[in-house]
Structures are given as structure tokens and as C-alpha cells.
Amino acid sequence: MTDKPIQYDPSCMDDYDPNSMDANMAQQHILASVHAISATETVAIRQALHRVLAKPITANLNVPSHTNSAMDGYAINGQQIPQSGQQDFELVGTAWAGRPFTGTVATHQCVRIMTGAVMPDNTDSVVMQEHVRVSDTLITIDDKQKQGQNVRQAGEDIAIGDPVFTANHYLQPADIGLIASLGVAEVVVKRKLKVAFFSTGDELVSIGSQPKKGQIFDSNRYTLWSMLSAMGVEIIDLGVVRDTPEAVEQAFMDASQSADVVITSGGVSVGDADYVKSTLEKLGHVNFWKVAMKPGRPLAFGQINKAFFFGLPGNPVSVMVTFYIFVQAALEKMMGRNPRQRLRMQAKSLSKLRKRPGRVEYQRGYYEINAQGELQVSKTGAQGSGILRSMSEANCFIYLPMESGGTEQGDTVEIWPFESFF
Ligand code: AMP
Ligand code: MG
């Protein structure tokens, strides 16, 4: 028997705590603390996907470069479309994409033209081949045609001198194609942000080892790796670190020397084997917060040497939630990327959602559009912070604000689609 008071570990008991840190404040504090890296490099455009432009891009040519046909058909001078009835045109040649017609087109003459071919001189309209009658070298059109139809004007996509991208633009697939359409082979981008991460815990084994009784496979490193991979950062995986002060200290020294950002999972609560906190107090300036949220209450943020540090909770769902809520936007700012808005929508809840007031909750849901065209959402099974399946089956967070005491079936709730985090 002992009369030592019972200690509750905040990582295991995500209960209401009036002294908790407000999630919004934590988010703002983090965003305000980090700053963008400045070094740049020049890369071929195929290496520029998911990179951040360091300089604006301005059009050095027109796209399209020439006025050209949007259809397979016949190029004519639109002045000669009949007011009423029909009009014959003499066929004098063919314009192919990449092989222009170089002759002259006189009154009541036309040129067979393919999609993408340059409009011959003295023509400005294309009649679709389905809308003409052809006999030998004569075509006949009617009065339903409009001058200028089926033609793409030079520069209608981008004109010379147009700003195409601002600096800090994050490059997506369409952007790479657009840059290629300008004939630009290389772009100047910010260097990649280097992010190191490791898992802490004596109970963890990596894939490939045989877990002994009481041991589990480390999954957090794989979810972290996956979330980081989607962001275009350089990833430094430092593996599993044992719960000893020496191992934890060494891991932090290595990580903070090689990376701009260090992310850990586990060990930020007050459990006996959690050396992360005491080590960090020695090595850097780190805040430990009990954030008023579920899942994911314990969170550490600060600096070790020159690296920013995020200490995420150990539970697998908490890792993902705290990454998306606190880490992702901060990494984007450090990458030099323009801030982006994430989609929030209202949906009808098909599930009753249990919750206590006093903390925000990010429950996991699956939204879809029902037969009436309305957005509806159901929760994805048990919502424990260790149940990763609730995340894997979900396509959105169901955000329940601080004051909410739960919702009934049929209530409208706010959803945050995962698409806007990727
Ligand atoms: P901790 O915050 O270290 O007390 O961990 C909280 C819970 O998350 C415990 O049940 C751990 O076993 C579990 N956990 C911690 N790290 C990992 C990991 N990398 N992969 C899977 N589960 C983990
Ligand atoms: Mg642990």
C-alpha cells in the first residue's frame, strides 16, 4: 500500500481540463513563430512539382503563339457568311497542325483546316466539317455560321508580358504544363525544407522485426512519412528512439543539426518513461501545452538549436490530427509558400455525435452527396485516438467547436474535407 496520489497521464485521458491551451491560440502562436527559408536553387521543370517558386514568372511569348483552329473544318473569311440562304466556297488547300497553308485565300475560297492549324491569311472563322456540304472542290455553308467562330486567338490563354505566377507560388501539375507551354525549361525555386522525424517508445518495433509480448509496430513514422511526402519536403527518417535520456538527447542533437524542422511522436506526456521533455528543457526552448482538443491533447513546440521542433502525441490518430492542425500550415510557411485556405462545409450528420463542452473535437467522418443532392456525413466507427482505422475510412474531419455538447442525428455540422489538406 502506498499513499502516493494517483497521477493521470494526459495522453491516455483526453478529458476536459479547464487549464488547457486553446487550439486556435496554439495554432497562431506556432504560425507567428516560424519563418520562411530563403535559399534558392534552379531546377528543371520536371523537378519543380510541389516546389515553391522563388521568383515570379512572366510570359515571354503568346500562348497560343498563333491564331489557330479549334475544330476540324473549313477556314473562311467570316465577312462572306451569307445573311440568309447558302453560299459556295472553292476549296484551295489544306492547313495541318504544324504545317500551315501558305497560299492566298480569295473571296469565296476556303481552306480545309485541322484542329491546332494556323489560320491562313484572310480567314478568321472555321465552319465545322459536320456543318458543310462537300462536292468535289466546292463546299456549301448556311447562314447559321458566326464570324470568328471555332478559332483560338493568339495570346488568349496568356499574352506576352502577362504575369503568370507570383513568387511563393506552390507548383501543381497544371502549373508545370503551363510553364512548359511558355518554352521555359528551368525555374528558380526555394530549396527544399528539411524535416527530420523519429518515434519514441520502448514498446515500438520497426517493420521486419518480430514484436515480443507488449511490443507493437511503429506506425507513426509511416503516417508521418506519408503526410510529409505529399508536401514536397526533404524527409530525414531517424527511426525509433528508445526511452532513455541518452538516446533521446543524441537523437535530438542529430536531428537538429541536419534539419530545419524536427518532428517526434510520443513521449510528450508526463509518463515515467517520457524523457523528451526533460531533454528538451536542457537543449532548447520548448513549450509544452495541454491543448483543449480531442484527439491530441499534449503538444510540444519550440526550438532546438536552429531547428523548429514539434512534439506530437503518441497515439496514431492524434499524430495525424495534430500534424494537420498545427504542423502542416507551419511547414508551408517555412517552405516559403503562400498561405492557402482550407475548405470547410456544412453537412447533415447521419450520426449522433457525443462530445463534452470545453474542448474542440476533430471527429472522423465520411461525407457524400445523397440522392437529393445534399451533403451528408457519417462518423467512421469508434473514435478513440488509437484507432487509426477511423482515419483511414474517413474523407473529412467533423469539427465540433469548444462549446458544443454533442449533436443529434440530422443536425448540421461543419466538415473539413481531407482533400484540402493534401
Ligand atoms: P505516449 O504519448 O508515448 O505515451 O504514447 C501514447 C500511445 O501511443 C501509447 O499507447 C503508445 O504505445 C502509442 N504510440 C506511441 N508511439 C507510437 C508509434 N510510433 N506507433 C504506434 N503507436 C504509438
Ligand atoms: Mg511513449
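Guide: The domain assignment, automatic or from a database, gives domain 1 (23-39 + 192-335), domain 2 (41-60 + 162-190), domain 3 (68-152) and domain 4 (345-420). This is a predicted model, where local features need pLDDT of at least 70 and side-chain atom pairs count only at pLDDT 80 or more, while totals for chains, interfaces and linings use all residues. Residues are numbered from 1 along each chain, and side-chain values use heavy atoms, without hydrogens and water.

Visitor: What makes a set of points a pocket?

Guide: On a 1 Å grid over the protein atoms alone, a pocket is an open set where a 1.4 Å probe fits, with protein on both sides within 12 Å along at least five of seven lines; lining residues have an atom within 4 Å of a point. The largest pocket has a volume of about 610 Å³. Of its 27 lining residues, the closest to the centre include Gln 27 and Arg 342.

Visitor: How do you know where the largest pocket lies?

Guide: Domain 1 and domain 4 both give residues to the lining, so the largest pocket lies between them. Helix 6 (316-335), a DSSP run of H or I with at least four residues, gives the most, six residues.

Visitor: Why is a set of residues called a nonpolar core?

Guide: Because its Ala, Val, Leu, Ile, Met, Phe, Trp, Tyr and Cys residues are buried and joined through side-chain atoms within 4.5 Å; buried means under 20% relative accessible area with a 1.4 Å probe, protein chains only. The largest core has 48 residues, with Phe 323 and Tyr 362 among those with the most contacts inside it. Helix 6 supplies its largest share, 13 residues.

Key. Chains are lettered from A and ligands numbered from 1 in the order in which they are written. Grid points are joined across faces, edges and corners, and a volume is the space filled by probe spheres set on the points. Helices (H or I, at least four residues) and strands (E, at least two) are DSSP runs, numbered from the N terminus. Buried means under 20% relative accessible area, exposed over 50%, partly exposed in between (1.4 Å probe, protein chains only).
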